[in-house]
Amino acid sequence: MSVVINLKFPAGRYHATPWGHHVNEGVVEWPPSPWRLLRALVAVWKRTSPDSSVAQVRRVLEPLIQPPRFRLPQHRVAHTRHYMPWEKKGPADRTLVFDTFVSVSRTDPLFIGWPDVELSDEDRSTLSRLLANLSSLGRAEGWVHAELTDEQPSWNCGLASETDPNPVPVFCPDPATAFSDQHYPTFDPKKLAKGKVNPADYLFDCPRWHLCLDTETIHDKKWPTVPGARWVNYTRPLETSAMHAKPQPTTRHKPTVARFLLDGPVLPLVTDTLRVAEAFRRAAMSQFKHWCRRNPDGAEPFRRTDKPERYASPTLSGKEPDGSLRKDHQHAYYLPTAEGDDGRWLTHVTVTARDGFGPGEVAAFNGVRRLKLAADADELCVQLVGLGTECDFRTPFFDESRVWVSATPFVATRYPKLRGSKRDRPEVYASPRDFARHILQQELGRRPDLPPVEAIEDVEWIGRQQLRTLQFQRFRSKRDDDGGRRPAGAFRITFRDPVRGPVCLGHSCHFGLGLFAPAEDGEIDKL
């Protein structure tokens, strides 16, 4: 029975650089080289089946040094780019690395076969055991599942003819020298006995085969060719180089939530919620303008009608194309939150909008990497950690609860009306907190998406740090903002039915003020 090996790549990727090429050249090895496969089997033997004898393993591998045939699945060549620490010029030095790989279907097998090779039942059992223990081929992330199969596929990649105008070189074992040892390093027995050989010069505990030479030795010796190996020309079919793309859904739901992680030498305090939200909004809008300049065709719907030379996202800016403020509250809420153990430092920024985020907004979020709160302050590092909906994230502010308690001060949306037919009753504005509670009750009554309110109670402290309302920054940086002079307070809201967050109400609610966090009945102190 012929020998046919079935290979599947569970990650859908095969990572391997051909011999003689640098990883940053962006060249991939396809089909997988038999030289690499046989060396991997030797490594698996020494690591997982040391009870198999040298003679037995050689008897299994020796017939497989002949050039095999391949049945290649459909594939694509792709790559990713990322910066790796290099530290050649300092701790912050980075170098750009290309990670090139072959993308294949996770379920579409690759077959390697030797139709003219016959193995005994014992040898087939040994080979099956080695293949079962083979977990990767090529780079460590090139996961593989290998097994012997009785299937006889139709081969589509074989030896190239001399007239082939475009052959593909494949690195194969040399049948004449793969199991020789002329180039295998030797040591003087006297030096070995006296311990005068550097332990680093010892090779792995492998047979003295050229097939087992380690890569470091091959590079150090600077041989013109690799002992025990040769290049063999193959014909690779063109039709396998165009893997069918997965059909995309006709409608794709926009993400409504973007979550960011903050990091820096000193994180901002929770009392700086408003300042962080404003800085993040400025950074996102700036990145959106850059996206518009790079994509003039896609940016045309975002051109301002009052200032045609400018672009702005109504979702990120909260303004209509004519520059007027949006009043439907469908635009972005910028919500800095303290989700650490002590609740003192702002650790995350959550941006949520019922309108959803399009390609321009998502590109803007990806571009926000730094945040500057003040000219003399250190920059904060910003990392986008997720895009999705409220149900996709595990944060208390997106939980479901009947009871919600102030995480930041609620600020009234207006001042008391002292005159006119719609003037407020004196008991309503007896104190700033009384008036803030009155405005909160009015605002909740105008929200058809919320269930009826059973109770609104005053809360003396905010959060686990027991902060007062006055400790929070409430003045925005824009001209003539009066948020710090408006009535404000902290409250506990009890709804008749559970409500899913985020719950954000009042003046500057799009900048993190008036944010409520869920709490169980009688457990305010846990916030």
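Modeller: Let's start with the surface: the protein exposes about 28600 Å², and carbon and sulfur atoms supply 49% of it. Accessible areas come from the Shrake-Rupley method with a 1.4 Å probe, and for residues only the protein chains shown count as cover. This is a predicted model, where local features need pLDDT of at least 70 and side-chain atom pairs count only at pLDDT 80 or more, while totals for chains, interfaces and linings use all residues. Residues are numbered from 1 along each chain as its sequence is written, and side-chain values use heavy atoms, with hydrogens and water left out.

Colleague: What share of the 527 residues counts as buried?

Modeller: Buried means under 20% relative accessible area, exposed means over 50%, and partly exposed lies in between (1.4 Å probe, protein chains only). By that cut-off, 45% of the 527 residues are buried.

Colleague: How many helices and strands does the protein have?

Modeller: Helices (H or I, at least four residues) and strands (E, at least two) are DSSP runs, numbered from the N terminus. Here they come to 10 helices and 22 strands. The radius of gyration is 34 Å, well over the 24 Å that the globule rule gives for 527 residues, so the protein is more spread out than a compact globule. That radius is taken over C-alpha atoms, and the rule is 2.2 Å times the number of residues to the power 0.38. Along the principal axes, the C-alpha atoms fill a box of roughly 105 × 60 × 45 Å.

Colleague: How do I check a helix, say α1?

Modeller: Compare its length with the expected span, which is 1.5 Å times one less than its number of residues. Helix α1 covers residues 34–48, and its 15 residues should span 21 Å; the end C-alpha atoms are 21 Å apart, which agrees. Several α1 residues are buried, among them Trp35, Leu38, Leu41 and Trp45.

Colleague: And sheets? In what order do the strands of the open sheet with 4 strands come?

Modeller: Strands of a sheet pair through backbone hydrogen bonds, either parallel or antiparallel. Two strands count as paired if DSSP finds at least two bridges between them. This open sheet runs β3-β6-β1-β7, with antiparallel pairing. At the edges stand β3 (69–71) and β7 (145–148), each with a single partner strand, so one side of each is left without a neighbour in the sheet. From one strand to the next, the twist averages 20°. Inside the sheet, β1 (residues 3–8) and β7 are joined by 4 bridges, and Ile5 has Leu148 as its bridge partner in β7.

Colleague: Which helix lies across β1 and β7?

Modeller: That is α3 (residues 121–132), running at about 170° to β7. Axes are lines fitted to C-alpha atoms, for helices over the stretch in contact, and angles run from 0 to 180 degrees between N-to-C directions.

Colleague: Which way do the side chains of a strand point, for example in β12?

Modeller: In a regular strand the side chains alternate between the two faces of the sheet. In β12 (residues 333–337), 5 of its 5 residues are buried. Tyr333, Leu335 and Thr337 point one way, and Tyr334 and Pro336 the other way. Strand β12 is antiparallel to β13 (residues 348–352), with 5 bridges, and Leu335 is partnered there by Thr350.

Colleague: What else pairs with β13?

Modeller: Strand β11 does, antiparallel and over 5 bridges; the partner of Arg259 in β13 is Thr350. Of the 7 residues of β11 (residues 257–263), 5 are buried, so this strand is largely enclosed by the rest of the structure. Another 7 bridges link β11 to β15 (residues 380–388), again antiparallel, where Asp263 stands opposite Cys381.

Methods: Contact = heavy atoms within 4.5 Å.
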